[in-house]
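Here is a brief report on one helix and its surroundings. The sequence and structure come first.

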Amino acid sequence: MKSLIAFFQKITGKKKAYCCNDCLCNLYMVLDGEASPEQQEKFMKHIDTCSHCFECYKVDRSVKELIKYKIQNMEVPSSLIESIKNKIGPGKC
Ligand SMILES: [Zn+2]
């Protein structure tokens, strides 16, 4: 029975910590403004301490911004393109 509990905890993630999986699951909701204040707070706290998720957040935020420019048929600032190019590369997200 004990091993079953351990297995369950393993597949569901450790209950106490807000893990990277949770964080990345909430990423789009936060970016879309659809996350609850509680989710947003947890998310922000996590990316404050987790550089991996923070990087993912920055990339996705930039890409979202890029899409916004494209949709509105506006010229995309080259600084934005450069920052995305710099962030997206082998081994990054
Ligand atoms: Zn993380």
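How far apart are the end C-alpha atoms of helix 2, and what span should its twelve residues have?

## Length of helix 2

This is a predicted model. Helix 2 covers residues 20–31. At 1.5 Å a residue, its twelve residues should span 16 Å. The end C-alpha atoms are 16 Å apart, which agrees.

After helix 2 comes G33. The phi of G33 is positive, near 70 degrees.

## Buried and exposed faces

Which residues of helix 2 are buried? They are C23, N26 and V30. These residues cover an arc of only 80 degrees around the axis, so they sit on the same side of helix 2.

The face turned away from that buried side carries exposed residues: N21, C25 and Y28.

The buried residues of helix 2 pack against two partners, helix 3 (37–49) and helix 4 (51–71).

## Packing against helix 4

Two packed helices are described by the angle between their axes and the distance between the axes. For helix 2 and helix 4, the axes come within 10 Å. They cross at roughly 20 degrees. Angles under 35 degrees count as roughly parallel, and helix 2 and helix 4 are therefore roughly parallel to each other. Their crossing is right-handed.

Which residues meet here? Helix 2 contributes C20, C23, L24, L27 and L31. Helix 4 contributes H52, C53, C56, Y57, D60, R61 and K64.

Methods:
Residues are numbered from 1 along each chain as its sequence is written. This is a predicted model: local features need pLDDT of at least 70, side-chain atom pairs count only at pLDDT 80 or more; totals for chains, interfaces and linings use all residues. Helices (H or I, at least four residues) and strands (E, at least two) are DSSP runs, numbered from the N terminus. The expected span of a helix is 1.5 Å times one less than its number of residues. A residue is buried if 20 or more other C-beta atoms lie within 10 Å of its own, exposed if 12 or fewer, and partly exposed in between; C-beta atoms are placed from the backbone. The arc is that of the directions from the helix axis to the C-beta atoms. Two residues are in contact if their C-beta atoms, placed from the backbone, lie within 7 Å. Axes are lines fitted to C-alpha atoms, for helices over the stretch in contact, and angles run from 0 to 180 degrees between N-to-C directions. Angles under 35 degrees count as roughly parallel, over 145 as roughly antiparallel, 65 to 115 as roughly perpendicular and the rest as oblique. A crossing is left-handed if the near helix is turned anticlockwise from the far one by less than a right angle, and right-handed if clockwise.
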